[in-house]
Protein chains: 2
Amino acid sequence: MQRAQDGDAGQAVEEALHPLDAATQLTWTGDGFTGLMTRSYWNFAGPYGGLTAALLMRALMQHPERRGDPIALTVNYCATIAEGPLRIRLRAARTNRSTQHWFLELAQGDDAPAITATAICSARPETWSHRPAQPPSLPPEAELVRFPWEKSPCAWMARYDVRLDRYTPLAPQPLPEPVAGAQTGLMRDEPPRPLDFVSLAAFADCFFARVFVARGTLMPVGTISMTTWFHATAEALARQGAAPLIGHADTRVYNHGYHDQSAELWSQDGTLLATSHQLVYFRDPPVRPA
Amino acid sequence: MQRAQDGDAGQAVEEALHPLDAATQLTWTGDGFTGLMTRSYWNFAGPYGGLTAALLMRALMQHPERRGDPIALTVNYCATIAEGPLRIRLRAARTNRSTQHWFLELAQGDDAPAITATAICSARPETWSHRPAQPPSLPPEAELVRFPWEKSPCAWMARYDVRLDRYTPLAPQPLPEPVAGAQTGLMRDEPPRPLDFVSLAAFADCFFARVFVARGTLMPVGTISMTTWFHATAEALARQGAAPLIGHADTRVYNHGYHDQSAELWSQDGTLLATSHQLVYFRDPPVRPA
């Protein structure tokens, strides 16, 4: 599938757009963008957090004053986003010789911002390099488990093909003892789509809340803040093309209503494309009758 | 040393303040705070990044509308801060039932912001908890190495007592091959000071740039963005008191002028108090005559 060329608007082209491109279409307004939230990447009560990150990244990439590649994006999920029109305001808070710092807000109607975010762009010069981190090891592809997405009520799950080294079946009650939260897997857009900063920003959130994995049950959760760093240049992303990423996520601590989650996104050729750290809100699941 | 009581202004009390409290004194202006940057925590060309984080945390803690404990702080270092007056503007971008999202800026004179930041506060209810991460292991205290702070031109180093499991002596030229960037150590304020969110925000930056460690030399560096998550309640911090924290930092990848750094800050009783992730700008050192 091809992304629409500039100026090729119209229904026929709309239908040819990849769902991620369709969901992140924005219109420039002079001081930001307007867009439309649909249910194409819907989660339980609002959009998939990765789609929101992708929308902000799209705004950044399309801003006429952007200089260099994105290197950092922090998204704060302040409130639920509803279906319907949205607007993104963004400004370069400070532009230096090597870096450009952005502040972004996403809002709907007259409400206070649902999202605040900061981003950083920079030239990526050739420098000394050293890559001590090693890609996670994966079992043979045939042993990976595709989560039973077709049973999910969440539309965003059908937008990805994710095959994991292990997963905890979700039961009505939590496990008596928690299991490991770590998971490693192959992840791609469904249908496949060439990697760019927009989709990489979305992949950063493409892991279940670790507390679901550790406890083997659903409960009220939500990403509160997610910081993603882009370690690769636009050229390195282009080399990856539409092949699956290798993703890994784990958590250090679950307590007092929040847990951390750190994720790595690797290319097929063993390049660490992005790392992402998020703070997740959780509350104990309601106790259901046996 | 005691912190000044409210209303106990004056030179005698100023002198009794811990250096961190003196350096983070702020005056409320109705929509933010004013403060004064001195050289007491000076780094090479501006203040220690941890002091800047502490200043923002102080502003947040003193804001009359703050609700709950800080759980997240992202600081974007957009430009160098100079000696002299500074002002911090902050506003609650959105307050929900459980979380409060803040946007902060630090500026001087008529310049664009030198710092942009976001922070999140929340109640920390008792919930299910699980703490899979284990504290880093440390050699016996007698084997730890205190960096030769007294030789440093950087004032902030004298404000901390940091004893590390290993360090790379800094030479005029880089090592022929990089060594591990990981370090673990005991870290406390000098003089000792009871832990609170202000000092914990500062400790998050209390590691050398990993690229100094890996290459064994100095070079142009700077923290570009630092995200810290506070996993502990104010009560847990109070239990730690003025005892040294156990800190650990490491890096996954150094390339294209930036490297990541992830740090953990543990209490003496094995509680993960905070995790912090930062993106560090670096450039190759100038080649000096042999």
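This is a predicted model: local features need pLDDT of at least 70, side-chain atom pairs count only at pLDDT 80 or more; totals for chains, interfaces and linings use all residues.
A salt bridge, as the term is used here, is a side-chain nitrogen of Lys or Arg within 4 Å of a carboxyl oxygen of Asp or Glu. Side chains of opposite charge can pair when their charged atoms come close. One such pair is B:Glu83 and B:Arg39, whose side chains meet with 3.3 Å from N to O.

Residues are numbered from 1 along each chain as its sequence is written, chains are lettered from A and ligands numbered from 1 in the order in which they are written, and side-chain values use heavy atoms, with hydrogens and water left out.

Let us start with chain A as a whole. Chain A holds 6 helices and 14 strands; helices (H or I, at least four residues) and strands (E, at least two) are DSSP runs, numbered from the N terminus. Its C-alpha atoms fill a box of roughly 55 × 50 × 40 Å along the principal axes. For 290 residues, a compact globule would have a radius of gyration near 19 Å, and chain A agrees, with 19 Å. That radius is taken over C-alpha atoms, and the globule rule is 2.2 Å times the number of residues to the power 0.38.

How much of chain A counts as buried? The share is 57% of the 290 residues, where buried means under 20% relative accessible area, exposed over 50%, and partly exposed in between (1.4 Å probe, protein chains only). Contacts, meaning heavy atoms within 4.5 Å, also tell us about the fold. Among contacts in chain A between residues at least 6 apart in sequence, 68% join residues at least 24 apart.

A:Ala114 gives a close-up view of this. You will find A:Ala114 in the loop between strand S5 (99–107) and strand S6 (115–122) of chain A, and it counts as buried because its relative accessibility is 4%. The C-alpha atoms of A:Ala114 and A:Ala79 are 4.5 Å apart, although 35 residues separate the two along the chain. Leaving aside neighbours within four places in sequence, the contacts of A:Ala114 include A:Tyr77, A:Cys78, A:Leu106 and, from the other chain, B:Arg94.

That last contact leads us to the meeting of the two chains. Here 66 residues of chain A are in contact with 66 residues of chain B. The area buried between them is about 5900 Å², with carbon and sulfur atoms giving 60%; buried area is the accessible area (1.4 Å probe) that two parts lose on being put together, summed over both. In chain A, A:Trp128, A:Arg252 and A:His256 lose the most area to chain B, together 15% of what that side buries.

Between chain A and chain B the count is 4 salt bridges. A:Glu105 forms a salt bridge with B:Arg91, their closest N and O atoms lying 3.1 Å apart.

Over all chains, the count comes to 24 salt bridges. A:Arg58 forms one with A:Asp21, the closest N and O atoms being 2.6 Å apart. A:Arg58 lies in helix H3 (residues 49–62) and A:Asp21 in helix H2 (residues 19–23) of chain A, so this pair ties together parts 37 residues apart in sequence.

In chain B, B:Asp161 forms a salt bridge with B:Arg188, with 3.3 Å between the closest N and O atoms. This pair links distant parts of the chain, with B:Asp161 in strand S8 (residues 160–164) and B:Arg188 in strand S9 (residues 183–189), 27 residues apart. B:Asp161 counts as buried, because its relative accessibility is 6%. In chain A, A:Arg146, A:Asp161, A:Arg163, A:Arg188 and A:Glu190 are linked in a network of salt bridges.
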